[in-house]
Amino acid sequence: MYSKLITCALIFAQLLGTIYCGVYDNTDRWLLSDKSKNFPDNAVLGGIDSYGYDNYVARVPYASSIVPARVRSETGYATFNTQAVANQATSYELLVANETVSYHWVRSYDGFRERNAVSVGTSDLNERVYVCRARTDGGIFIGTLYLAQKVCFIRYENFPMRQISKYEVLVRQVTPAVWMPFDNQIN
Ligand SMILES: *[C@@H]1O[C@H](CO)[C@@H](O)[C@H](O)[C@H]1NC(C)=O
């Protein structure tokens, strides 16, 4: 279940003597998927694109970073963006909820670090990358949040790169399973 894949880049290795790698965050459950696979019922809804398709929360590795992605359930069409580029992916990992862990969007701004914010992993600069969303370009789009940059980066298809300082952040809510000490007990 845990992905051992990492993406790495040699950045000024001679100067810094360091290899930076995007590392997956394993706090949440992400299901490796593509359009040939059945779409899970417990995937997390994130937005709606300009064509009216629901977009679900996913993540992909891209150029030594792990970044959030948005996936259409009907077609498996997956897109994502870093702070610089927009691209498509053929395989991705879908975030899935379960009986005890659910996901919600909370209003946020300026790179504020929300409690229990979901991180997809780390960037090529070794910072944690978070999942944001905002209303723009005729839809609500899942985007990429680097807290240090203080904006939600959204770039979808041929639209320009958006840098939005008021956005929503994806957070995790854990509801402990109900403990039933007297279940099945006969007196
Ligand atoms: C729900 O998912 C979390 C990880 O996100 C895991 O730790 C937990 O065991 C799961 N719970 C159930 C009931 O599957």
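T144 stands opposite F153 in strand β14, where strands are DSSP runs of E with at least two residues, numbered from the N terminus. This is a predicted model, in which local features need pLDDT of at least 70, side-chain atom pairs count only at pLDDT 80 or more, and totals for chains, interfaces and linings use all residues. Residues are numbered from 1 along each chain as its sequence is written.

| Strands | Sense | Bridges |
|---|---|---|
| β13 (residues 139-146) and β14 | antiparallel | three bridges |
| β14 and β15 (residues 162-164) | antiparallel | three bridges |

In β15, R162 is the bridge partner of I154. Four residues lie between the strands in the hairpin of β13 and β14, and there K150 takes a positive phi near 65°.

In a regular strand the side chains alternate between the two faces of the sheet. In β14 (residues 151-154) both faces are covered, since V151 and F153 on one side and C152 and I154 on the other are all buried, a residue being buried if 20 or more other C-beta atoms, placed from the backbone, lie within 10 Å of its own.

T82 belongs to the loop between β7 (78-81) and β8 (86-89), and T82 counts as buried because 20 other C-beta atoms lie within 10 Å. Although T82 and I154 are 72 residues apart in sequence, their C-alpha atoms are 8.1 Å apart in space. Leaving out residues up to four places away in sequence, T82 touches Y62, S65, V67 and T144, where contact requires C-beta atoms, placed from the backbone, within 7 Å.

Note on methods. Buried ≥ 20, exposed ≤ 12 C-beta atoms within 10 Å, placed from the backbone. Contact = placed C-beta atoms within 7 Å. Pairing = 2+ DSSP bridges.
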